[in-house]
Amino acid sequence: MPTLGMLCHCAQSNASDSFAIKQNQNMSASITAIERPVRWDHPFDREMLSKDVAHLLSYPPFSKLDPKLFSASGSLEMILQHDARIVRYEPGDVIVREGDYGNSAFIVLRGNVRAFLVSLWQRQSATQAGPAHGIFSKLLASFKRKANEPMDDKLVQASNPTNEQRKNRGRNSQSSHVTAPAPSIETVDGRSRIFLQDLQAILHDFQSEPLEPGQIFGEMAAITRTPHRFSVVADSPCIVVEIRWQGLRLLRKDPQFRAYIDDRYRQSGLEMHLRETKIFRFLDDDTIQKVVKATKLDSYGELEWFADYKSLKGVDSNQRIQAEPLIASEGTPANDLFLIRAGFARLSFEHGNGHQTTAYLGSGQMFGLDELADSFRQPTVRALPYQQSLRALGFVDLLRIPRQIVLETLLPKVRKSELPPTILNPRYDLGGSVVPDFERNDRRSTLETPLVEFLVDQRLINGRRTMLIDLDRCTGCDECVKACASTHQGTPRFIRSGPQYGSLMFTHACMHCTDPVCMIGCPTGAIHRNPDSGVIDINPNTCIGCKTCSESCPYENIVMQQLKDDRGNAVIDASSKLPILQASKCDLCQSLPTGPACQNACPHAALFRLDTSSTQPLQEWLERKVA
Amino acid sequence: MSAIASDFQKNTSNPISQNRVRRSTVLRVGKSLAAITIASLLCLGLQRFVSNQLGNEAFATGYTLLAVVMALSMLGVRKRLPSVNLGSVTIWQTTHHYLGLFCLIAYCSHAGILANGWLESTLAALFWTILLTGFMSWYINRSSPRLLRAAGQAILRSDIPEARIAVAEQAYQIALTAAGSSNAFVIADFYQATLSKFFTGPRSLWYRILPTGKHRRDLQYQLGELTRYLDENGIELQRKMMSLIQRRDDLDFQSAIHNRIRFFATIHTVLLGAFIVFTAGHVVAAHMYSSHW
């Protein structure tokens, strides 16, 4: 929450700032009056002038946009002036770094940039070191913990790449002694600049594609709220226009621009995803191109899925499952291999009078491989149909690769050891009907079904840092709430209650989601994902209190609170006399060296955070607890 | 599919992981016992060493005890500094438990079990009370979560009064509905005679100290006895009233458990403060009246 001091600082730094405080002398001493913050109080770049906008409008794709499609209050000029900025890059400058979360799209205006289609840096799992056990290890670990520890895998320099990685670095990789580029950081004009030294060597060692003036990049990450899948580096001195997500969303009102973006998204997304899929890492470029031609990119559900989710929340689970878009139905011929690109999908099978969920699939996972691999191994035997159904949970973006391509082109180049095991007890036999004794054989897989269904139904599968409380340990002492309040000006950022499954409580605290739908509608970009740490944060200086994020959050983890100054006085709008509200949510105590204060303050080790977008961390935790 | 499905197909009673955890538990307990034994031996060694040097061993053990007590009180300080990187409170709490055990050894080596003189007797009484409340707190903190879980959906302590009012309001509405029905008015009569007090009044002091389900069972039994006077709608109202009795009792139970936790923690903390004050007096007195360090 911004304090009066912070607001005063804003006022001093820029006299024309409409967010400046006008301390009303006639008001009571316990109330501070300010002008209500509005959209575009804080443009993306204050130095963006009208002549820059006019210049931009002469370049494609902006020159092709129809200004009549934009409203008077949000004209094309205004969008570009407030939501775009022009940035100059020097050769070697990293414009977009793989793994960083994207909030903007970029269009090359002048000069050349190169997109690296292969990974420049090796990924190291953040959990590779394993959890600390024992009091001394925990003590050491708790002191070593960094506040801004990234949620995602850390990008680290790969000083000793494996042979496999070298091979995978594309056709340009001639030398067997390829080392990962070492990025350097310096600050220019108050902005951090990451650049690669010896660009020519890197261009020689790593496969890259040129992007020429007029081409757009980074839009996929901005639209799908996911990390960038590739790095883009300036090849020559270049000028790039960066449009933040809020502006990009408005520009998409123009059907031509929307079609252009969607087309780009499909084309580049498809190839990139295939290249990144682990079991296809030995495919050569020709094969990739062949697969790309045959592959379709399908989307199911709505990007703004939270509205439907909220409306169906109280509905019977069978009805809810029926309402989910069906991607592939069990018992039907396995004609395609599905690769999930973004979003989540439910795996289920008919059970009694309803559907039983067995698992959920996220980005990078596949559906149909088991069945197709079975056909690949036994080409003379009649093909098995899909053994389970696949349904979209919210919004799902997936690649659909035809069976023939999979069997003839892909699977022959996959290592035998990496193929899934043979289906010994098919749920559906070769004719497509239910095998009667299937349930008896598959009983073990139903062991955790209620938990999987709970996670899916509550959409907790979206959480990257889900706060859980073990009710077998929690005494309700509220030390966590007190710690949170004391580190956030007396107002806790979470509520110690929420949906419960057995002894696990999934509290109402921001989960820093994989798909943060709260960010979709924010008109100012106040709620954003920290590109480095992946934490969803709210910028109090730009939040205008419109409630869009709070109403979008499917988990009720964002609350609107009255703004207070540093003396605890309520801040109101000078003209309407109404209170000024601001969105408030868990920020994972990013500013503290200790990390989340709530977690550190729990005396009983009952409160912890887990990545629930994958079942593995929860499964491991349950195993530790049971044992 | 196979990766995630196989995650869940893993049996949680994996013998390898169980053995690993069992080993680590044994190791942990072993380490704890070893730490306590070493600390005790050090304490005795210090006592012996000071004695051999013809020093006053009471001062050696006394200052050891004072250091331990001050270290014990640091837990409260740590809790008030959530934003300082001092390690997690869990670690501090565990250390507090071990130091508490060591404190018992240090105290016995310093003062024995009983003491003479009003100051020393007060200190002894405070020490044993603190130790007792500490053990009670430890035990309650271990056992309460399961008791709370058994009492229905977890609810914030601050939300309990509001939830009680909501339950009482629902019970009143059921009684009103029953009063308007010729085949269910007995529920309204029973509500007026007995349940009204249960839903709107506070529970007894005894219940708050040692909450049991006896009163709830009595009420449910009495309400159940009215079945023969009820028609189908009346039985439905009776069923709803039964569940409200259960809900109210769960809320009271959770409230009692929360209060018990807070009571022992507060007493423990307050008495520790008093103990430190009296200890300061004792140190001054010891130095004033002892000619031999």
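For my notes, buried means under 20% relative accessible area, exposed means over 50%, and partly exposed is in between (1.4 Å probe, protein chains only).

This is a predicted model, in which local features need pLDDT of at least 70, side-chain atom pairs count only at pLDDT 80 or more, and totals for chains, interfaces and linings use all residues. Residues are numbered from 1 along each chain as its sequence is written, chains are lettered from A and ligands numbered from 1 in the order in which they are written, and side-chain values use heavy atoms, with hydrogens and water left out.

**Aromatic pairs**

I paired rings of Phe, Tyr and Trp (its six-membered ring) with centres within 6.5 Å, calling planes under 30 degrees apart stacked, over 60 edge-to-face and the rest tilted. I found 18 aromatic pairs over all chains. I looked up Phe257(A) with Tyr260(A), a tilted pair at 6.4 Å centre to centre and 45° between the planes. Both sit three residues apart in helix H9 (residues 255-276) of chain A; helices are DSSP runs of H or I, at least four residues, numbered from the N terminus. Phe257(A) is buried at 2%, while Tyr260(A) is partly exposed at 28%.

Next I checked Phe127(B) and Phe275(B), tilted with centres 6.1 Å apart and planes at 50°. Phe127(B) is in helix H5 and Phe275(B) in helix H10 of chain B, so the pair ties together parts 148 residues apart in sequence. Phe127(B) is buried at 5%, and Phe275(B) is buried at 5%.

Technical notes: Helices (H or I, at least four residues) and strands (E, at least two) are DSSP runs, numbered from the N terminus.
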